[in-house]
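Take a look at the model first, then read on.

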Amino acid sequence: MDNDRFISALDRALDRIVNFYSKKETELYDAMDTLMADMQSHASIPIAGSAPVSQNPLDQPSHRRSRSSSDFPRRESLVDDLPPNIISQNTADTDPEATLIHGGIKAELKRHTVDLFVLLSELKSFVSLNATAFAKILKKYDKITGNELKRYYTSNYVSKAYPFRTTTKQKLNARIQRTERTYASLAGGDLDAAVDELKSHLRERIVWERNTVWRDMIGQERKVQSVGVGEHKKVQLRFIGLVDKQIILQVVSLIASLAVFLLLLFQVELFPEVEQNRCFAILVFASMMWATEVMPLFATAMLIPFLTVTLRVMRSPDLVRLTAPEATKQVFASMFSPVIMLLLGGFAIAASLSKFGIAKAMATFVLSKAGTRPSRVLLVNMLVATIASMWISNVAAPVLCFSLIQPILRTLPVDSTFGSCLILGIALASNLGGIASPISSPQNIIAIQNMSPPPSWAQWFIIAVPLCVIGNLIIWLWLLYNYHPEKHTPQIHTIRASHDPITPAQVYVMFITLVTIALWCMAHSFEDILGDMGVIAIIPLVAFFGTGLLTKDDFNHFLWTVIMLAMGGIVLGKAVESSGLLHTIASHIQSLVKGLSTLEVLLVFSLLVLCIATFISHTVAALIILPIVAEVGSEMPDPRPRLLVMGAAFVCSVAMGLPVSGFPNMNAISQENELGKPYLKTKDFLRNGVPSSVFCMVCVTTIGYGLMTLVGF
């Protein structure tokens, strides 16, 4: 009975494939007939030696062989296969005007021939991919159920279906070869060169489609709203009709943000200076727009320089209000800071480690040593996610790790809880990895911007690495307590390490990466020569792009939205500081925390940041809170602003209590098994993410406080 249901589903899929193929085959073959007819219709163009011929090349006997260029006859032997007006191009005594007209027609025919070749090749790939799909599906079914259905169904149904018949494939190959010969006649007669050119067009089409699909996937992965919730609900509005509920909420949020902004701008005076009132209006407006995500975060960030200049909130060091031209110079000078260069350098390193398979090779090597015990495999995967976040950011790390664990997930029993436990562990460890290095998350870049002097990489590692290790151990023990993975899955399959040979490009990438990291760690020692870590970040950019290892496309794929968001945040911080608003707010907060020790102030800010960053973007929370934290710290009787800023930034990263709390969580809740059932639900994050956030925050405010004190913060 189960076989009957499965075969019925296969039959329906096979019918859809046959119908689609038949339709496309008819369309493409008709297009090819039209193309050949067009070529014959232009046989009357006055080119010497040409004569109209009524014979259709497609009706002639075919003498096609292998696609190898050495097997094809040269152009001179194709006379019987091609329209005579094409062959006559190389004759002398042509009429100039006719040649010009013919040239335009010829270019149009070449374009149509290229399009036809690409579509025919895609149709051939369609057949091949679906044949492979049937083979793999049947093999998997036989393996799970113990049947031997593959040979029976393939020989009796798949092989006999029209797209998979040998005669159908031969006919399609013949059409592709005829297209190649036709293009060769249009391109000058060199068949080898013509085939190479057609293949280059096909590669360009594949690359374009792959990039398009990848961008769409990335766009889906980075959606913050409605992750794991399902489709948006529709609401019936009078005079309008059905409207997406999400759009209504966005419109309401936009109206509310604008209303508050205008109210603060023109009606409310909370501060003594006009610059401070206007700057406060910008701060509240930007915060509301970021929190509600009425528009993309980076788009809101780009509004900040515009409002800062037009509302004239900037002041000079002697407290004189700057004119718009003067403010413009300061705003744009602050936007491209050394911190932005550090971010770009980090992106270049991450792109190189990913592109040349170094990150994946190192990860699979470590995972292959993890053994078969679920508890050990979980811990190793979490540590790999944290280490990967350290170098390729905590946005890319979970994507890499989730792809690596697919072989494990596919072999788990149906009732196993280990899949959910493993995915959640990687997500939480990736969030924690956001504190591991200065380039592992945008909030770290914002923290460095607010720390004077900025910490060295060595200082950062002394503080962050122990916190990452301890945090991972705590989260690991909590997950084992909640899921008991070994109870349902006593043993799992191991991940095999990559045995690909090391290439010179990989050696070069690792050398440049290690040199850059070493210089970052010793930045203060070379400050008189290199100036800042942002200058050191130029080394990987030039080393990788200058040698061609990274291309223009790789540069375009950098997370420019993050860079623009960081730029907008820098301008907002500069405006809040220049207008005097930061000092005023910090003074009020200072009066509230008066008498508290540095540790107590750190705990207060950590609780505040944890609450905010759980519900909104970690980066946005850092943009809003860290400048205030820095100012409060500098105004304390025992000024320790760098300690407070770094502690608050770390707490931003470990806020992971909800599915929307950071990209790793969003990616985790979108993971589904082979039946389309999600591994995680919101309650999994509430039961595990919230306690993990609290545990890690306690680690930051206790162990982290001691380590930061140890390094002199």
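Helices (H or I, at least four residues) and strands (E, at least two) are DSSP runs, numbered from the N terminus. This is a predicted model, where local features need pLDDT of at least 70, side-chain atom pairs count only at pLDDT 80 or more, and totals for chains, interfaces and linings use all residues. Residues are numbered from 1 along each chain as its sequence is written, and side-chain values use heavy atoms, with hydrogens and water left out.

**The chain overall**
- The protein chain has 30 helices and 2 strands.
- Of its 713 residues, 48% are buried (under 20% relative accessible area; exposed is over 50%, partly exposed in between; 1.4 Å probe, protein chains only).
- Take the contacts (heavy atoms within 4.5 Å) with a separation of 6 or more: 76% of them link residues 24 or more positions apart.

**Threonine 168**
- You'll find threonine 168 in helix H5, which covers residues 166–187.
- Threonine 168 is buried, because its relative accessible area is 2%.
- Leaving aside residues up to four places away in sequence, threonine 168 touches Tyr21, Glu25, Tyr162 and Pro163.

**Leucine 686**
- Leucine 686 sits in helix H30, residues 682–710.
- With a relative accessible area of 43%, leucine 686 counts as partly exposed.
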